[in-house]
Amino acid sequence: MRPFQLLCVFVSAVIMLGASLQPDINRTIRPDEPRRYLDLGEQLVALAETSEDLDMARHVLAMGVSINVNNADAKTASSCCIALASAYPNDPQMQQMLWDLALHLDSTRFSQWVQHRPGPAEAEAKHDAAECLRRARHEDDDVEKDLYRQPQIQAAIFHAGTTLGFTRNQIENALNPLLYDSTRDPCNGNYFDTQVENGESVRRVCDAHQFPMGTTRDNQTLLMLLGIEAECLKASEGIEDWGSAYTLGNTAPTRTPDIEWLIEATGIDTSRPFLRNGQWESAP
Amino acid sequence: MSGHRKNQTPIVRFLGDDAGQGGPFALLGLRHEIGSDSEIHRARLRRLRQVDCHPQRTTPDAEEVRLAIHSAATQLLDQELRAELAIRWPEGTPVDLPKAWSATRAMHRVTPALLRRARLIVGSSGGWNARARRRLAHLARVNRLSAIEVVRHLGSNTRSGASHSKEHPRTLPSLPEPPDGRSWYLIYAILGAVACLTAVTLFVAPGPPTTLSGESDTIQLDDYSDSTDTPDIEGRVIRDRLTHYTAIAHELDRLVARATVEPTAAIARFREIYPQFTSDWIAFPRAALQRAGVNTAEFVVRLDEQGIPPEEITPLLAVAGTDPDRVMLAVAAIDFTLSSAGLRQETLDQLRAIRGQISNAPSTTNNDLINSVQLVASHLANTSETDALAWWEDWHAGAEHAAEKGSPEHTSIMLDALSNRLRDPKSANEDWRSVASLLVRSLDWRVGSAERYWLIEQFSDSDVQTPRLAMLTDALVTESAAEGVDQLMILRQDANLPKREQIQTRFQEAWFPNRSVSQSGEPPSGSTTPIMNQLRVEINATPDLLSDDQAIESTLRLSRLVTAACLQLDGSPELSEEVIAEYDAPLQVGERVQSSLSMTDADTAWAEKVVNTTEPEQLRPYLDELIGANTVGISSAYALVHLANRANAEVRQLALQQITRFGDQMTILIAIDHALPSRSSRPSSKIDTVVDAALQTELPSRNSSDWIPTVRRELLARMGRALADDRALRVSRLQEELVELHMLRLDMLGMKLSRASSPNDLLAELIEHERVEFELSLISAHNSSALEVARTQATIDRVRAQSSLHRYAAEQRYWLNIKRVRLVSRFPDTERMLGMITEEFHDRDSKAKSVLHQIAQTQRAIAQLTLIELEREQTP
């Protein structure tokens with residue numbers, strides 16, 4: 001029996017330890033404990049397994065931002081923002097906005113903010129995305145299987161496009177003919193086709209193209225694709241000419257994220273700041 | 001005996017055992033039932049006089065006792081606190097009760113031996129007389145008895161065993177009635193005059209102490225709060241108050257050290273001192289006040305460092321009551337403490353919670369207590385909903401002490417108060433009239449002062465209530481030091497809008513004669529009215545939702561007008577006139593040749609001829625055709641790039657020359673784009689040469705991994721330019737115009753920059769020049785910190801900028817913020833107006849669909865601020 005008793009004790013200890021590590025979301029959190037929102041939110045993010053867990057974590061942290069801003073505690077509010085950014089692992093745009101808000105709340109976070117700019121991995125995916133678009137414009141038949149099928153490249157293309165104000169539909173409508181049209185380029189990416197005429201090799205313009213290689217069916221589509229390429233390569237940052245930047249579509253308005261934006265984006269109800277038994281309430 | 005004296009507390013030593021029973025009631029000698037505050041004041045003065053009459057009255061212990069007396073009085077004056085204290089602390093023994101006659105409990109010590117001695121005393125004193133009473137009182141005191149008990153026992157024993165006294169019956173007087181105070185009124189009245197003279201003498205030059213005995217009871221003094229004939233007594237009260245600011249400051253100094261050595265005692269002492277500080281802070285000179293604030297914060301920090309639970313620390317800074325002057329100091333002290341480094345998070349959280357209970361004024365985290373007090377004063381002024389004179393007098397005392405009279409901060413705070421109360425829809429009554437009088441008299445109303453501008457603007461603000469404005473004008477005309485005003489400028493309470501305008505005009509004519517239009521209707525000569533008028537027109541004409549074309553036009557015109565205004569303000573009126581003369585000239589966009597991206601037969605034919613040439617002599621005639629056409633078709637471009645990449649050296653050279661000539665055309669750029677290798681391949685020297693010929697810009701080595709992305713970026717930038725439509729060309733022209741305008745100002749300021757600089761770089765130089773000039777003249781910590789916030793935000797905006805357009809927008813916003821801080825600093829009355837402009841700007845900015853629209857709206861806001869600056873600078 002002794003080993004069995006020891007085993008029971010061990011199992012109980014493990015269960016209790018595990019239980020103690022679980023965040024106690026049944027406990028009430030109140031606005032007069034503003035830091036609790038950050039502590040609990042971080043725990044929830046770390047232990048989230050389902051989307052519901054993640055939603056709860058986001059709600060707690062977003063509420064924490066709001067409450068700490070009202071409490072004039074910029075540091076804790078900024079920390080809640082940064083923790084909230086980690087709760088959006090698949091949404092780099094949201095992450096960037098939250099980091100921007102964290103910096104806006106607490107300018108001492110500048111060096112961390114700079115470090116959190118897209119890293120080499122993201123930059124690599126964006127360069128590949130620009131290459132994918134270029135090769136698609138130039139009717140490279142292999143571009144789809146080489147590049148476009150990779151999820152991170154697709155994500156980078158759509159992210160850049162939506163940043164410029166295009167919809168996913170618009171981007172797909174422009175790209176799909178370039179990627180999947182079977183009537184394209186019989187001359188394997190060469191503008192001139194070598195033919196034999198009168199016993200001599202002569203180069204002729206390949207006439208099997210709907211529109212010249214490197215262009216698209218219309219200027220509007222061409223501008224859109226060029227704009228997305230430029231956005232992926234961050235080319236606009238180096239463009240000094242305003243006309244060029246305007247043509248390539250990099251004219252999105254500058255938005256400084258603020259609390260109103262956060263409330264709208266996360267859908268929290270600031271009139272219900274008390275958390276009790278997993279429910280948000282307006283009174284203790 | 002000496003040991004006993006050593007162990008005596010200072011209170012007992014100076015005031016007697018009764019005072020040392022504990023609590024404020026005993027200290028002041030008051031019952032729990034107190035009829036009025038004047039009783040407390042009288043008791044306080046009595047005790048102070050006791051201390052003043054003590055031989056050790058100049059010692060630090062005496063100061064401590066005085067401090068304790070004041071603290072006790074302050075506590076008892078608070079009725080709610082008094083009720084709580086009455087539960088905890090015993091009643092005091094009224095000071096006017098002769099000690100000898102106060103009851104004690106030790107009755108069992110009346111021994112026969114004592115009585116024999118008592119009888120001997122009476123006998124040896126020659127009977128029942130004053131001397132006998134004095135000696136009996138002493139005997140009773142020594143034996144810790146009351147004299148009444150001794151006399152009572154003396155009389156009863158005498159009566160019980162007096163067989164031998166039949167012959168000489170002793171006539172003992174009847175026991176005196178227990179003094180209830182009322183019977184002493186006559187004596188008080190007679191001695192009152194003597195006491196007044198004595199008090200005056202003591203105040204002017206303290207004389208020898210008078211001995212207080214059982215007979216010469218404590219003199220009941222008059223109620224000084226009603227006395228108007230005893231200015232010296234009042235002065236003595238003030239002397240005590242001034243003395244106490246140094247005592248309070250000294251105490252706070254000591255408490256910082258004691259916090260480390262004996263925290264518990266220090267906490268208890270702080271609990272006594274701090275309420276005094278918050279009540280009497282107005283007596284502190286500013287330097288002492290700042291130091292006291294530092295000491296308060298340091299005290300809290302030291303306690304926190306020692307691990308004292310926050311629940312014991314943070315309530316120390318809690319302040320009861322809603323007196324605005326106390327709230328100002330209490331909130332500012334908490335803010336000052338919150339900005340201290342090293343406090344635990346729990347302590348910070350609880351401090352914030354306490355702060356929230358005292359006031360909802362916005363939190364500040366600067367290291368300037370006085371500035372924090374000013375901000376709280378301003379908040380209270382802006383949020384007050386009362387016309388109660390007592391509240392405003394307290395507020396005024398605090399605000400005047402925090403912001404030096406005549407300073408911009410003082411003016412701003414007073415105008416905030418007036419602005420807020422003028423807009424209260426509640427009916428105005430005599431309370432408001434008194435408050436208006438108080439605030440009006442605190443302003444100078446001198447020539448060129450901000451309050452003059454402010455007043456004139458109130459007449460045209462529909463939110464300002466006419467009856468309140470009427471009372472304000474009445475106070476201004478009848479009670480202020482304003483010059484140039486008369487009875488005709490008093491607004492009637494039932495005045496309508498035309499009448500308000502009429503009074504406004506009178507004030508304007510009286511105070512700003514040069515701003516008024518002359519009789520001929522022409523603006524005064526040498527004025528900036530044309531610029532101002534045009535600015536007003538353009539500002540009003542800019543809609544809140546713009547198209548791209550409207551954004552371009554608005555930005556251009558507003559930028560020209562702002563530049564003209566700045567040149568005027570910088571002292572270059574001629575240049576300013578040149579700019580304004582052309583301010584609405586349209587943007588000139590030159591013609592451009594754009595190559596078609598469509599395949600044409602002619603283009604295909606030419607391309608096929610060229611691509612099949614192998615010798616330069618074959619190629620040259622075709623290239624001559626190209627030059628004549630001045631444009632390159634898509635197929636022709638591919639042919640040229642093919643030749644530059646593949647053919648022999650001479651043919652390549654010819655092709656490269658054409659590529660250089662037509663390097664800005666879209667067709668060439670696309671053809672080059674097609675010829676680029678993939679990311680994984682290394683570019684050949686030939687393609688490197690082709691790229692170089694087209695782009696004509698410095699590039700990394702072709703062996704570098706940066707070559708391909710850099711070339712791609714350059715190509716994309718050129719493509720953007722090549723594909724630019726008319727509107728994009730106008731955007732480019734706008735950029736060039738802004739460069740010219742900024743260069744004009746920089747040249748005038750003697751700063752030489754290249755015209756190749758971007759407009760945002762040029763604007764950044766101008767802003768830096770303005771900022772440095774402004775910072776040199778800044779004396780207010782509040783404006784310095786506002787400037788710092790603006791600079792930090794600009795740094796962030798610049799890093800976040802995605803393109804040159806966004807960078808320019810970032811510089812504009814920085815300029816807008818700098819202008820705003822500068823205007824408020826110089827003209828404090830403009831703060832409300834600037835707040836409205838800022839709100840409107842944020843609303844328009846949030847609706848902007850592109851950065852181009854944001855640039856236009858920001859320029860509009862800059863124009864609004866420039867207009868205000870012009871108006872103020874123009875007026876002498």
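What share of the 284 residues of chain A count as buried?

## Chain A in outline

In this predicted model, 40% of the 284 residues of chain A count as buried. Chain A contains 13 helices and four strands. Among contacts in chain A with a separation of 6 or more, 57% join residues 24 or more positions apart.

## Helix α10 of chain A

Helix α10 of chain A covers residues 168–180. At 1.5 Å a residue, these 13 residues should span 18 Å, and the end C-alpha atoms are 17 Å apart, which agrees. The helix α10(A) bends by about 25° at A:A174. A proline, A:P177, follows within four residues of that position.

The residue at the bend, A:A174, is one of the buried residues of α10(A).

## The contact between chains A and B

The contact between the chains draws 53 residues from chain B and 49 residues from chain A. On the side of chain B that touches chain A, the largest share comes from helix α33 of chain B (residues 707–722), which supplies eight residues. By class, that side of chain B has 24 nonpolar, 19 polar and 10 charged residues.

A:A245 belongs to helix α12 of chain A, which runs over residues 242–247. Is A:A245 buried or exposed? A:A245 has 32 other C-beta atoms within 10 Å; a residue is buried at 20 or more, and A:A245 is therefore buried.

Leaving aside neighbours within four places in sequence, A:A245 is in contact with A:S236, A:I239 and A:N250 in chain A, and with B:G720, B:S803, B:S804 and B:L805 in chain B. A further distance concerns A:G227, 18 residues from A:A245 along the chain: the C-alpha atoms of A:A245 and A:G227 are separated by 8.9 Å.

## Nonpolar cores

In soluble globular proteins, nonpolar side chains tend to be buried together. In this model, the largest nonpolar core has 234 residues. Within this core, B:I659 and B:I672 are the residues with the most contacts. Apart from neighbours within four places in sequence, B:I659 is in contact with B:L640, B:V641, B:A644, B:I668, B:V690, B:A693 and B:A694.

Another core, of 34 residues, lies apart from the largest one. Its members include A:L38, A:V65, A:I82 and A:L98.

Key: Residues numbered from 1 in each chain as written. Chains lettered and ligands numbered in written order. Predicted model: local features only at pLDDT ≥ 70, side-chain atom pairs only at ≥ 80, totals over all residues. Contact = placed C-beta atoms within 7 Å. Helix = DSSP H or I, 4+ residues; strand = E, 2+ residues; numbered from the N terminus. Nonpolar A, V, L, I, M, F, W, Y, C, P; charged D, E, K, R; others polar. Buried ≥ 20, exposed ≤ 12 C-beta atoms within 10 Å, placed from the backbone. Core = buried A, V, L, I, M, F, W, Y, C linked by C-beta atoms within 7 Å. Expected span 1.5 Å × (residues − 1). Bend = angle between axes of the 7 residues up to and from the residue.
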